[in-house]
Amino acid sequence: MKQRHLSRMLLSEVPGNPPQQLELFALVNLGLVQSLASGILSPAEAVERFYHSDNCLYVQRHLRKREANEIMSRGVQLPDLFECLAAEEARREFYHELETIRALCLKLLGDKRSRGLADRAVA
């Protein structure tokens with residue numbers, strides 16, 4: 001049987017200042033949400049690749065945005081839904097969590113876009 005090798009993404013290795021890293025963080029998470037929703041990536045694989053403790057700590061210490069912390073918290077708990085809940089309820093909660101993560105990502109991107117527009121108006 002062929003086994004996939006999952007590469008682990010480390011936010012600490014992403015170049016750029018915190019606002020640039022935050023934008024990339026939101027965009028990567030939107031891709032993860034799509035991959036999870038389509039079944040390309042399992043919740044356990046998402047934790048192994050991205051929602052792991054190194055990235056959780058990095059987000060908390062360096063990005064310092066409530067929405068980013070919440071995204072990581074929700075992402076890390078996705079596999080637990082299938083261990084704690086009945087299958088149908090777990091599936092509903094899973095899609096609800098993905099939608100919440102997506103909305104938080106869009107808020108982060110919207111905040112960045114709003115700041116950029118305000119900076120241009122001042123200039």
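This is a predicted model: local features need pLDDT of at least 70, side-chain atom pairs count only at pLDDT 80 or more; totals for chains, interfaces and linings use all residues.

Me: Why are glutamate 88 and arginine 92 separated by about one helical turn?

Reply: Because the two are four residues apart in helix α5.

Me: Is glutamate 88 buried or exposed, or something in between?

Reply: In between. Glutamate 88 counts as partly exposed because its relative accessibility is 41%, and the cut-offs are under 20% for buried and over 50% for exposed. Arginine 91 is also partly exposed, with a relative accessible area of 41%.

Me: What is the general idea behind such pairs?

Reply: Side chains of opposite charge can pair when their charged atoms come close. In this structure the count comes to nine salt bridges.

Me: Which parts does the pair of glutamate 67 and lysine 107 tie together?

Reply: The two side chains meet in a salt bridge at 3.4 Å, N to O. Glutamate 67 lies in helix α4 (residues 66-84) and lysine 107 in helix α5, so the pair ties together parts that are 40 residues apart in sequence. Glutamate 67 is buried, at 7% relative accessible area, whereas lysine 107 is partly exposed, at 36%. Both belong to a network of salt bridges that also links Arg66, Glu70, Arg74 and Glu97.

Me: Where is isoleucine 101 found, and which residues does it contact beyond its sequence neighbours?

Reply: Isoleucine 101 is in helix α5 (residues 87-122). It counts as buried because its relative accessible area is 0%. Leaving aside neighbours within four places in sequence, isoleucine 101 is in contact with Asn29, Val33, Tyr51, Ile71, Arg74 and Gly75. Threonine 100, also placed in helix α5, is buried at 17% relative accessibility and touches Glu70 and Arg74.

Me: How many helices and strands does the chain have?

Reply: Five helices and zero strands. Of its 123 residues, 33% count as buried. Among contacts with a separation of 6 or more, 70% come from residues 24 or more positions apart.

Definitions and conventions
Residues are numbered from 1 along each chain as its sequence is written. Side-chain values use heavy atoms; hydrogens and water are left out. Buried means under 20% relative accessible area, exposed over 50%, partly exposed in between (1.4 Å probe, protein chains only). Contact means heavy atoms within 4.5 Å. A salt bridge is a side-chain nitrogen of Lys or Arg within 4 Å of a carboxyl oxygen of Asp or Glu.
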